[in-house]
Amino acid sequence: MSLEKLKDARDAIKCCYKISDTDVDCLFKLLELNRPTTCEELADIMKVSKTTIEKSLKKLIEVGLVIREKSSDKKIGRPKYSYSIIGGVIEKIKEDLENCSRKMQLQI
């Protein structure tokens with residue numbers, strides 16, 4: 001499954017993971033960037049507030065699609081974090097969507 005096919009499955013992804021449009025946008029942007037990214041950088045790229053991005057990243061971490069890593073910079077103050085997509089994320093999403101679909105079919 002490619003990024004384009006994932007984008008076609010946007011509504012299914014929202015439903016399966018119970019995430020918002022902004023959460024999905026954040027996921028897709030991290031996939032496009034394909035590198036560790038800070039919350040501030042993502043907020044700047046997506047033209048939304050840092051708080052909005054923080055909430056989306058927290059949700060994406062909770063559902064197991066994104067990981068957070070502490071920056072190695074030895075600066076004073078709050079630690080900096082970078083966010084990236086887990087390895088094998090496309091396969092995980094595909095499997096999760098299939099499982100979600102099976103569960104929905106059992107409900108009917």
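Helices here are DSSP runs of H or I with at least four residues, numbered from the N terminus. The structure is a predicted model. Helix α5 comprises residues 50-62 and is followed by glycine 64, whose phi is positive, near 85 degrees. The structure contains nine salt bridges.

**Helix α5**

- The 13 residues of α5 should span 18 Å at 1.5 Å a residue, and this agrees with the end C-alpha atoms, which are 18 Å apart.
- Ile53, Ser56, Leu57 and Leu60 are the buried residues of α5. These residues lie on the same side of α5, because they cover an arc of only 100 degrees around the axis.
- An α-helix has 3.6 residues a turn, so residues three or four places apart point the same way.
- On the face of α5 turned away from the buried side, the exposed residues are Lys55, Lys58 and Glu62.

**Helix α2**

- Helix α2 spans residues 10-17, and within it Ile13, Cys16 and Tyr17 are buried. Their arc around the axis is only 80 degrees, which puts them on the same side of α2.
- Lysine 18 follows α2 and has a positive phi, near 55 degrees.

**Serine 82 in strand β3**

- Serine 82 belongs to strand β3, which covers residues 81-85.
- The relative accessibility of serine 82 is 16%, so this residue counts as buried, the cut-off being under 20%.
- Leaving aside residues up to four places away in sequence, serine 82 touches Pro36, Thr37, Thr38, Ile67, Arg68 and Glu69.

- Lysine 7 and glutamate 32 form a salt bridge through their side chains, at 2.8 Å from N to O. Because lysine 7 lies in helix α1 (residues 3-8) and glutamate 32 in helix α3, the pair ties together parts that are 25 residues apart in sequence.
- Both partners are partly exposed: lysine 7 has a relative accessible area of 30%, and glutamate 32 has a relative accessibility of 38%.
- Another salt bridge joins the side chains of aspartate 21 and arginine 10, at 3.6 Å from N to O. This pair links distant parts of the chain, with aspartate 21 in helix α3 and arginine 10 in helix α2, eleven residues apart.
- Aspartate 21 is partly exposed, its relative accessible area being 39%.
- A network of salt bridges links Arg10, Lys14, Asp21 and Asp25.

- Lysine 92 and aspartate 96 are separated by about one helical turn, because they are four residues apart in helix α6 (residues 89-107).
- Lysine 92 counts as partly exposed, at 26% relative accessibility, whereas aspartate 96 counts as buried, at 17%.

Note on methods: Residues numbered from 1 in each chain as written. Predicted model: local features only at pLDDT ≥ 70, side-chain atom pairs only at ≥ 80, totals over all residues. Heavy atoms only, no water. Buried < 20%, exposed > 50% of the residue type's maximum accessible area, 1.4 Å probe, protein only. Helix = DSSP H or I, 4+ residues; strand = E, 2+ residues; numbered from the N terminus. Arc of directions from axis to C-beta. Contact = heavy atoms within 4.5 Å. Expected span 1.5 Å × (residues − 1). Salt bridge = Lys/Arg side-chain N within 4 Å of Asp/Glu carboxyl O.
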